[in-house]
Amino acid sequence: MANPSPPPLNQAIDGTISHWNDEKGFGFIQYKAKSPGVFFHISSFAYHHSRPQKGNKVVFIAMEKNGRYSAQRVVLAKDADSINGDNIIDNTQLPPHLAEGFIFALISIFFYAALTYISAPLAIASLIISNLTYMLYSLDKQASLQHRQRIPEASLHIAAILGGWPGALIARALLRHKTKKIRFVIFFWLSIIINFAALYALVLFIPEHLDYFNHYIMSYLGF
């Protein structure tokens, strides 16, 4: 039985995305019946604000390196006329998750306003941890795209539980990261519930200790 022929090089090829791993940012394109899938990375996908989906009809240009074939540029079939360019097709469009990120940013602002009223030191600490948490998500996203060692999910959950959940909430929306894995999503929302439960307990059950804590910290900082 003859081996399947490799894809032709330096010309537009019609295909269908047969596999896509959004977490790791790579997939395969089937370009004819019984053909081996051609590997492609998210960096080859000519869009900033859209993600590949299994079943998408695409047009791609294949390249060969050390006997391995991959797609060096991939566009959706409706944008086939742009296959020979090097432009980002949707560069002028607003990201679809921008509105979601904006809403989460507003929620975070209201949360910090309320938390500042209850305890300024806790608000400052949470804000610092939130910024660090956003950085962790960003680093993990880059590691995923570049196939480097990832940040453990446990570390992301711990950062959220320790008060960094607003940063994680915004990062998930703006970076489109850690939004698919059901187990991770469940633990993430549990971390938010834990934070609100802890805040409720502080206000309801130990207000006198909270006042002492606020006074001590502010005095220590010289305020």
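View 1. The strands here are DSSP runs (E, at least two residues; helices are H or I, at least four), numbered from the N terminus. This is a predicted model, in which local features need pLDDT of at least 70, side-chain atom pairs count only at pLDDT 80 or more, and totals for chains, interfaces and linings use all residues. Residues are numbered from 1 along each chain as its sequence is written, and side-chain values use heavy atoms, with hydrogens and water left out. Strand β4 (residues 57-65) and strand β5 (residues 68-76) run antiparallel and are joined by 8 bridges; two strands pair if DSSP finds at least two bridges between them.

**View 2. Two asparagines take a positive phi: Asn66 and Asn10.** Asn66 sits in the loop between β4 and β5, a hairpin with 2 residues between the strands. Its phi is about 55°, although Asn66 is not a glycine. With a relative accessible area of 72%, Asn66 is exposed (exposed means over 50% relative accessible area, buried under 20%, and partly exposed in between, with a 1.4 Å probe and protein chains only). Asn10, in the segment before β1, has a positive phi of about 60° and is not a glycine either. At 66% relative accessibility, Asn10 counts as exposed.

**View 3. Tyr31 and Phe60 form an aromatic pair, with ring centres 6.4 Å apart.** A search of the whole structure finds 12 aromatic pairs. Rings of Phe, Tyr and Trp (its six-membered ring) pair if their centres lie within 6.5 Å; planes under 30 degrees apart count as stacked, over 60 as edge-to-face and the rest as tilted. The planes of Tyr31 and Phe60 stand at 65°, so this pair is edge-to-face. The two residues come from distant parts of the chain, 29 residues apart: Tyr31 is in the loop between β2 (26-30) and β3 (38-41), and Phe60 is in strand β4. Both Tyr31 and Phe60 are buried.

**View 4. Phe188 and Trp189 make an edge-to-face pair.** Their ring centres are 5.4 Å apart and their planes meet at 70°. Are these residues buried or partly exposed? Phe188 counts as buried, at 1% relative accessibility, whereas Trp189 counts as partly exposed, at 38%. Elsewhere, Phe111, Tyr112, Trp165 and Phe196 form one aromatic cluster.

**View 5. Helices α2 (residues 120-145) and α3 (residues 153-175) pack at an angle of about 60°.** Their axes are 7 Å apart; axes are lines fitted to C-alpha atoms, for helices over the stretch in contact, and angles run from 0 to 180 degrees between N-to-C directions. The two helices are therefore oblique to each other (angles under 35 degrees count as roughly parallel, over 145 as roughly antiparallel, 65 to 115 as roughly perpendicular and the rest as oblique). The residues of this contact divide into 14 nonpolar, 7 polar and 3 charged (Ala, Val, Leu, Ile, Met, Phe, Trp, Tyr, Cys and Pro count as nonpolar, Asp, Glu, Lys and Arg as charged, and the others, Gly among them, as polar).

**View 6. Asn195 is a buried residue of helix α4 (residues 182-205).** Its relative accessible area is 16%. Asn195 and Gly164 are 31 residues apart in sequence and 9.4 Å apart in space, C-alpha to C-alpha.
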